[in-house]
Each structure stands twice: as structure tokens, then as C-alpha cells.
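Me: Please give me a close look at this model, starting with one chain. Where you use a term, tell me its cut-offs.

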Amino acid sequence: MSYLDNIRNFSIIAHIDHGKSTLADRLIEKTGLVEARDMKEQYLDNMDIERERGITIKLQTTRLKYKANDGQEYTLNLIDTPGHVDFNYEVSRSLAACDGAVLVVDATQGVEAQTLGNVYLALDEDLEILPVLNKMDLDSARPDDARAEIEEIIGLDASEAPEISAKTGQGVDEMLEKLVEVIPPPKGDPDGKLKALIFDSYYDSYKGVIIYTRIFDGKVKRGDIIRMMNTGKNYEVTEVGYCIPSTLPADELKAGEVGYICGSIKQVADARVGDTITLASDPTSEPLKGYKKAQSMVYCGIFPAEGEKYENVKDALEKLQVNDAAFNFEPENSAALGYGYRCGFLGLLHMDVITERLAREFDLDVITTLPSVVYKVVMKDGQVLDIQNPSNLPDPTLIAHIEEPIVKAEIMTPNEYVGSIMSLCQGRRGKMLDMEYLTKTRVQLRYELPLNEVIYDFFDALKSRTRGYASLDYEFIRYQPAKLVKLDILLNRELIDALSTIVPEESAQAKGRGICEKLKDIIPRHQFEVPIQAAIGQKIIARETVRAYRKDVLAKCYGGDVSRKKKLLEKQKAGKKRMRQFGTVTVPQEAFTEVLKLDDAK
Amino acid sequence: MRSKTGIYIHIPFCVKKCNYCAFLSFEAESSPRSEYTEALCEEIRLRAVETKGRTIDTVYIGGGTPSVLDVSQMRDIIHTVRECYDIKKDTEITIEANPATLGRKDGVTLAKLQAYKYMGINRLSMGVQSMSNDRLHFLGRIHTAENVARDVKLAREKGFANINLDLIFSVPGESIEDALKDLDEIIALNPEHISCYSLQIEEDTPFADMIESGAMTEVPDEEDRETYHAICKRLKDAGYEHYEISNFAKPGYRSRHNSLYWDMSDYIAFGLGASGFVNNNRYKNVSDIEEYMKTVGSGELPVDEIHENTPFDNISEAVFTGLRRQEGISYEDAIAAYGRVCPKDEPVAGAKERFWEIFKEAKDEADEFARNGLLIIDEEGLRLTEQGIDISNAIMALFV
């Protein structure tokens with residue numbers, strides 16, 4: 001019997017909120033090397049933002065020990081996966097490191113779009129899937145319906161799916177037994193040439209980059225010179241070990257095992273997820289398949305807010321980049337907002353996460369501008385430019401045409417909302433591919449949508465129209481020509497570059513009007529009238545006016561309550577600090593991100 | 001500065017709460033008025049430990065409607081104040097007395113007024129609010145225009161030579177002409193002092209609910225301001241000085257008590273939810289009547305919040321309260337407040353420079369307000385123009 005027979009490498013896959021992290025916590029508690037009292041709730045989601053949103057962005061992986069009923073002790077490597085469409089590539093690499101996956105389905109909710117998306121990723125990696133029904137402690141659990149959905153929609157046999165409650169621990173032992181039985185042990189040759197997959201990495205200020213890896217063939221130990229096959233860089237290994245989930249040094253890692261490697265690597269971009277590690281002295285011939293470069297799909301400007309130092313922002317962005325290969329930035333200069341950075345993200349959530357971390361972890365006050373996608377601008381001279389900042393769009397007379405990124409979106413919804421979703425997608429220039437009744441009451445809609453219609457508030461609009469029941473999954477498919485124009489906004493007749501956007505020509509008028517109306521609500525009254533104009537080139541297409549304020553006075557200072565009055569004034573002053581001055585016009589900072597959130601239903 | 005000291009006494013009872021009122025007050029009939037009076041007297045004695053013997057410049061009994069208390073209860077309160085503090089013959093003692101609470105029968109009214117007079121109360125402040133019976137009803141007031149005229153006449157007969165009448169304008173449905181007609185009728189009663197407030201919609205009031213449901217619409221700001229300026233002009237023509245944002249007085253009849261709030265003097269506050277400023281501490285009493293009575297009953301001060309002012313708190317408050325006054329705030333008084341010294345005792349050198357050193361970040365915007373004719377900045381200090389009053393919060397917020 002080989003040592004491989006006692007290893008199981010697996011992930012837990014689930015839709016947001018279906019209980020993945022809670023189940024991981026229970027497993028760590030039952031079989032892990034962390035004392036229960038040292039556990040924070042949801043151990044694997046270790047960033048505050050992740051905990052608050054109930055999602056996982058940065059991976060954690062952990063080694064568990066389980067003594068099964070057959071008397072054998074098994075090493076279970078639980079490999080975490082991020083839980084959002086922005087991170088599909090990262091999910092797929094984590095899954096590639098596994099031999100099986102536990103599919104958690106909320107027995108009160110059934111199968112959702114993301115469940116399906118993740119299952120397909122797992123099937124692509126040829127993983128054995130063990131479905132489990134979670135939240136069985138709730139009265140609203142409908143295990144039979146959920147089981148039927150899994151069989152009907154996903155096509156997996158769910159008749160023996162364990163019924164568990166990750167929250168109470170009910171059924172988790174049975175699930176572990178089943179896991180050892182269903183998920184196959186890893187294959188691999190410990191005496192072969194080193195072939196190891198990087199499925200995550202993070203930066204540690206003492207050890208440098210810590211690579212999370214699954215060894216497919218061969219061995220690696222301290223002192224070895226390793227090579228990243230796609231980037232071609234060599235490093236000397238300074239430490240290897242297991243993740244428990246903190247680092248526990250070991251003598252070596254060998255085929256079938258999961259652990260970490262350190263090699264004085266300066267930034268995570270040098271240990272890119274999906275890359276293959278081999279030995280420089282005795283390299284394997286072929287890297288593992290599936291490596292992709294990180295590609296930013298969404299961009300926005302990040303500028304220091306009034307009173308915030310440019311240097312501080314730069315510092316923070318650099319620190320974040322060290323740990324996030326998918327995030328990139330370069331200096332940008334805006335006439336309206338001054339010096340700042342143009343930042344690239346995998347998607348909108350990734351952008352939200354980064355901006356929130358700037359505020360929370362670095363205590364920075366920043367202004368984020370409207371997100372934009374990357375347009376391919378084909379010039380009349382044949383040159384093709386990648387433009388992600390509307391201000392950089394060349395003179396329209398020199399442009400042959402513009403192409404925009406298109407995504408394929410899969411929306412799963414209870415059937416009563418189909419009409420509402422169709423009108424939403426239509427309003428966003430969507431093209432319906434097909435519609436499928438997955439069950440009698442659940443429908444899957446497939447649409448092609450321009451990405452720039454999805455990044456503003458599509459998800460919010462979708463949720464609000466379906467009372468939160470619809471779910472969305474999307475992926476980039478291609479670039480496609482479109483009639484697009486640059487929409488400028490002028491405040492008090494002054495162009496505010498940070499408010500420019502690229503919009504479809506056909507909806508420019510409506511968008512311009514919407515933005516002007518929104519700004520009218522956001523911009524406070526001044527001592528003078530402030531005209532707000534939307535323009536395409538020289539042509540004004542919409543206009544609103546913020547009237548001059550006439551009254552801001554507290555008639556009575558009640559009963560000598562000076563403190564109350566003072567609090568009011570202090571609040572007023574603090575409100576003003578959150579504003580940005582443009583010539584004589586003061587604009588609240590949220591204007592830059594809020595202005596395009598124009599749900600068409602409103 | 002501690003040049004003067006005032007006393008504020010809060011009586012949180014009314015016959016009935018008005019539709020716009022968010023004040024702390026309870027319907028008098030069902031409330032523990034005598035227990036409250038006892039607790040109030042006890043608080044006066046407790047606080048006097050710290051402030052005993054001070055000469056008091058003004059006493060203000062506000063509410064609620066203080067005149068709903070029985071004469072004997074009011075007597076006990078004033079008696080206790082006299083026991084603990086030095087009340088001079090010329091101390092201004094004001095009571096808020098709503099029309100129609102001075103008693104149902106003329107005889108009783110006269111008796112109450114007589115009693116107040118006897119207790120040393122020398123200033124009456126009456127919440128008239130409007131002289132239109134329809135509007136009074138809409139506001140939820142219990143009196144009529146006729147009650148007002150009668151009560152003012154009776155007060156004069158009893159020798160009250162210093163009377164304030166309150167007026168509310170910008171009541172939904174009211175035109176500028178309506179407001180000026182109200183004002184003219186009030187002026188005709190010849191009070192020494194008039195306070196004019198635009199109706200403010202406060203949260204958790206019947207009016208706020210009506211606005212929420214769409215049953216009522218607020219008077220637009222433009223119209224409100226137009227009314228305000230028309231009122232200011234009418235009163236000026238009638239011989240009243242516009243000495244504070246909402247207050248007007250015949251020469252020599254400015255409210256000395258209100259003036260304390262605006263010049264950083266001490267005022268000792270007693271009663272439920274009352275706010276005071278003593279020995280550089282701002283404090284606020286608890287707002288729960290049971291808790292108030294229980295705390296005082298066990299010999300403790302019923303304080304909810306207390307804050308010791310920093311020098312910046314003091315100059316900041318001196319500026320924004322000072323800006324409420326016609327004469328504004330002088331650099332000397334502001335700097336004196338910063339150091340908590342009496343300006344009369346100690347002349348302050350280089351006050352202007354020191355002032356703008358402290359508020360250097362506000363200077364550009366203050367100058368902008370001055371250029372737009374809203375604020376006057378000169379060698380002595382700062383003051384609002386009549387137009388500046390309309391947006392005074394924006395100006396005051398520069399200095400907090």
C-alpha cells in the first residue's frame with residue numbers, strides 16, 4: 001500500500017451563503033490541528049471584508065487528520081476556493097490541485113447559477129464530486145427538492161448525498177466517511193521529475209512569498225533550485241512544509257502532497273497562480289496545462305481625497321500589489337482630481353475589495369472614479385489602441401471604429417421573474433442566447449452582454465428586480481464593434497474629466513439626462529446657481545441646474561442647548577470635508593462612483 | 001468668562017402637545033407634577049453645593065408650559081432658588097406662560113399673575129404663535145387670538161412691564177400677507193419683545209408624519225426667507241431692534257437671559273433634559289422623568305452627559321453663538337473665551353491676529369462670504385448681514 005492511498009485532496013464548492021466557510025470551520029474543528037478556542041469564526045475567510053460579505057477572496061488551505069471507520073488515518077488537504085465570478089481562473093487552479101470536491105447545496109435554496117458554474121469548473125478538472133445537503137437544522141430545509149434539483153440540473157446522483165448542518169455539526173462525521181470513500185487518492189510518482197502546481201501565494205514580510213502548491217510528481221526540499229516554468233525564473237528553496245493553516249516546516253514535499261514552498265520571492269506576481277514549479281537542475285519537459293496571465297477586465301481611477309497624501313496612496317497600492325497578482329496600477333493625472341492612479345481589476349467585486357481595503361487597512365481617504373472596461377479603438381491608420389480611460393479616447397474623426405468586450409452571462413431565476421430580467425437585459429443591450437427550464441419553476445437565461453453594461457449596477461438591479469432570488473455568472477467571450485461615444489459632464493461650464501464615460505450612442509441622451517439628474521441630487525446647493533451639462537463633443541445633450549441655496553439657518557437655539565447646535569455644525573463641516581472643490585463648485589466625493597448607478601427600473 | 005450667571009429651570013408639562021413640538025414635555029393632567037416639583041427643588045439644592053451664593057443675573061423658567069404648575073408649586077421652586085442663590089431686585093426673572101393656561105376664569109388668571117408678580121417674576125414670555133384662530137387650531141394650540149389679547153391686557157393691569165410674544169411663520173398654507181397680518185396684530189398689543197421663528201419640522205411630530213404622507217407640504221425656502229425679511233423690515237419700522245437672528249426688542253428690552261447663551265456666560269440648568277454651562281463644563285440632564293426623580297431622590301445629580309470645554313470649544317462656541325447677535329463677535333471676546341478670561345478684566349493684545357491664526361483655514365471661505373455680502377469682517381470682529389442670516393449655518397460651520 002502506498003502513502004498516497006491515505007491522502008485526499010479536495011475543495012468545497014458552493015454558492016455564496018450556502019455554508020462553505022461554516023463547513024470548513026467544522027472540519028477544522030473536528031479534524032484540524034488548530035485548537036477550537038483559537039478559531040475565529042470562519043477560519044478560512046481571514047480578511048474582514050471577506051467575513052462581512054461571507055465570501056472568500058484570498059485562499060487558505062489546511063491539512064486535516066481523520067481517523068476513518070476502517071481504522072486508517074487519512075490526511076485530508078482542504079483547498080479553499082474563492083467564491084466569486086471575478087475569480088474564476090483562481091477557482092479553476094485551486095480545483096486543478098484537487099482530486100475531488102465536496103459540493104455544498106443549501107437545502108433551503110437548492111441549486112443556483114454559481115453552484116452550476118463551479119460544478120462545471122470541477123468537472124473540467126475531472127474531479128469526483130460529493131454532493132452534500134447543508135442547513136438541515138432549518139425548518140425550511142427541503143432535502144428531497146434539493147436532491148431532485150441536483151440530479152435534474154447538474155446530473156449528479158444525489159441519492160446518497162449526506163444531510164448535514166455545518167452550523168450544528170450534524171452529519172459531518174458521516175460526510176467525512178463518505179468523502180474518504182468517494183474521493184480518490186492522488187496519483188503521482190515521487191521519484192519522477194518535479195512537477196508542482198501553484199494554486200495560491202501570499203506575501204509574508206519574514207519569509208517572502210509563500211507559495212501554496214500541489215506536488216504532482218517528484219519531491220522538493222530546502223536547498224533545491226526551483227524554476228517557474230512560465231516566467232522562467234529560478235529561486236532557491238528556503239523552506240517547505242504543510243499548511244495547518246499556519247506554516248509547519250517539513251523535510252520535504254512529495255508527489256500527491258499539498259503544502260507550501262518559500263524561496264525569498266519578492267512579490268506574488270513572480271509566483272503566479274497556475275504556473276508549474278520544477279527543478280532547475282532536472283526539469284520536467286511539459287508544464288501543467290491551464291496557465292493564464294492575469295487579465296484586468298475593469299479599471300478605475302483612485303485618487304487621494306482632499307487632505308490625503310499621494311505618497312500614502314502609492315504606498316498602500318504597492319503593498320496590496322505585492323499580495324495580489326491580479327491587481328495592477330499606474331500613475332494617472334486628472335485635471336479634476338489631480339495626481340492619482342489608474343488601477344486594473346479582475347472585476348467589480350475585486351475593485352470593491354481593493355478600495356475597501358484601502359479605507360480599512362490603510363485608513364486612507366480616496367476617491368474612486370467610474371469603472372471602465374478596456375475598449376479596442378481601431379484607428380483609421382490601422383493602429384489598434386487599448387483604451388480604458390475615457391479621457392484618453394482619441395479624436396473621433398481619427399477613429400475607424402471601437403470594439404467593446406462582451407461577456408456571456410448565465411442567470412438563474414425562479415420563473416416568475418423572467419419577464420423582468422429580460423427587460424433588464426434588453427435595456428443593457430443584451431442579446432438572448434437561450435432560455436431553459438431547468439425544473440418547472442427554475443429558469444436559466446443565457447445572454448451576451450457588453451461588459452460595460454454589467455459593471456455598473458447590473459448585479460444590484462438584478463437582485464432588486466428578483467427580490468434577491470436570481471443569481472449571475474459571467475465570463476468574457478470576445479471583443480465586438482459597437483457605436484460608442486464619449487459623454488462629458490460639465491459643472492458650471494467646466495469639463496470634469498473624472499466624470500467622462502464611454503457610452504453607446506443610442507443611449508447617450510438618456511444616460512446624459514440620468515447623470516445630470518443624479519448629480520443634481522448629489523451636489524449641494526451653492527451660493528450661486530450651478531448648471532450641470534452633459535455633452536458629446538461640443539453638443540450639449542442634457543442640462544440641469546442646482547439652484548442657489550436660500551436657507552440654512554437654525555432659528556432657535558433651544559433652551560441654551562449649545563452642544564446640540566454645535567454637533568449640527570460639526571456634522572455640516574465634516575460633510576463638507578468629504579467634498580471636492582472644482583473651481584467654485586463643491587462636489588461630494590461619492591458623486592464619482594454613485595453617478596452612474598442608474599437602475600433603469602427607477 | 002464667568003462675568004454673569006443665569007439660571008434655567010425646565011418644566012416639562014403642557015396641557016396638550018402641539019403638532020410641531022418635539023420638546024420634552026408631558027400632558028400635565030396625567031403627570032406627576034408635584035413629585036417633579038419636589039425633585040426639581042432637590043436638584044437646585046444639590047447643584048448649589050458647587051455654585052452656592054453666586055449672584056444671579058437672570059432666571060428663566062421655560063418648558064413645556066411652566067404656567068400649568070400650581071401657584072404653590074411655582075412658589076416652592078422660586079423660593080428654593082432664592083434660598084440657594086443671591087437674587088437681586090433687578091434680576092430678570094422670566095416665565096413662559098401660554099395663553100389660556102393662566103386660568104379659565106378671569107379671577108383665577110388674575111390670581112396667577114398676581115402670584116407671579118409677588119414671587120418677583122418680572123418678565124412674561126407668551127407663546128402666541130399666530131393671531132389666526134384657524135392657524136392656531138392647525139398648529140394644535142389650545143388658545144385663541146381672543147385669549148391672547150385678554151391675557152396681555154390682564155398682565156399689563158397686574159403691572160408686567162416686560163412682555164415677550166412668540167410668533168411662528170411659514171406655517172403650511174400661510175401666505176406672506178397672512179404672516180404680516182399676524183405680526184401687525186401682535187405689534188398692536190405693544191409687547192416689549194417679539195421672537196419670530198419659521199416653523200421647523202422636527203422628527204417624530206404629527207407634522208413630520210403629515211409631510212411624510214404627503215398630507216402637507218413645507219413652505220418653500222424662498223418664500224420662507226421672503227417672509228422673514230418682510231418681518232424684519234416691519235418690526236424695524238415699528239421701532240424694534242433686530243438684535244438676534246430670531247429676536248426683536250424695543251430699546252432697553254433685550255432678553256438678558258438669552259444674551260447669556262450668546263456671550264459664553266455661565267448658566268445653571270435644572271430640570272428634566274436641561275442643558276447648562278457651569279465652570280467650563282457643558283452638561284445635559286437625563287431625559288427620562290422616572291430616572292430623573294429617582295436619581296435626584298437618592299441625592300445624586302441627574303446628569304446624562306458632561307463635557308469639559310477645551311479652549312477651542314470655547315472660542316468656537318463664542319463665535320457661532322456670537323454670530324447670532326446683531327453686533328456679532330469681536331476678536332477680543334473670542335480670544336477672551338479661548339483663554340476663559342473676562343474681557344472686561346483683561347484687555348487682549350493682538351486679538352485680531354490671534355483669532356485668524358486659530359481660524360486660518362477658514363479665512364478664505366470667510367472672505368468669500370464677505371465678498372458676497374453675507375458676512376462683515378472688520379477691525380473689531382465679525383458679524384452677519386441680514387442676508388447672511390439666511391445661510392448662517394454655512395458660515396458658522398467654518399468655525400467649529
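Reply: Chain B holds 16 helices and 17 strands. These are DSSP runs numbered from the N terminus: H or I over at least four residues for helices, E over at least two for strands. The model is predicted; local features need pLDDT of at least 70, side-chain atom pairs count only at pLDDT 80 or more, and totals for chains, interfaces and linings use all residues. Residues are numbered from 1 along each chain as its sequence is written, while chains are lettered from A and ligands numbered from 1 in the order in which they are written.

Chain B has a mean pLDDT (the predictor's confidence in each residue, from 0 to 100) of 91, and 96% of its residues reach 70 or more. The model scores ipTM 0.84 and pTM 0.60.

Of the 400 residues of chain B, 46% are buried (20 or more other C-beta atoms within 10 Å of the residue's own, placed from the backbone; 12 or fewer is exposed, in between partly exposed). Take its contacts (C-beta atoms, placed from the backbone, within 7 Å) between residues at least 6 apart in sequence: 70% join residues at least 24 apart.

Now the meeting with chain A. Chain B puts in 35 residues and chain A 20. The chain B side splits into 15 nonpolar, 11 polar and nine charged residues. Here Ala, Val, Leu, Ile, Met, Phe, Trp, Tyr, Cys and Pro are nonpolar, Asp, Glu, Lys and Arg charged, and the others, Gly among them, polar.

Next, the cores. A nonpolar core is a set of buried Ala, Val, Leu, Ile, Met, Phe, Trp, Tyr and Cys residues joined through C-beta atoms within 7 Å. The largest has 159 residues, and A:Ile411 is one of those with the most contacts inside it. Beyond four places in sequence, A:Ile411 touches residues including A:Ala113, A:Tyr447 and A:Leu472. A second, separate core has 70 residues, among them B:Cys84 and B:Phe270.

Last, a sheet in chain A. Four strands form an open, antiparallel sheet in the order β17-β18-β16-β19. Twist averages 30° from one strand to the next. Strands pair when DSSP finds at least two bridges; β16 (298–304) and β19 of chain A have three. A:Phe303 stands opposite A:Ile367 in β19(A). Helix α8 (348–360) of chain A packs on this sheet, touching β16, β18 (338–345) and β19, at about 15° to β16(A). Axes are lines fitted to C-alpha atoms, for helices over the stretch in contact, with angles from 0 to 180 degrees between N-to-C directions.

How values were computed
Contact = placed C-beta atoms within 7 Å.
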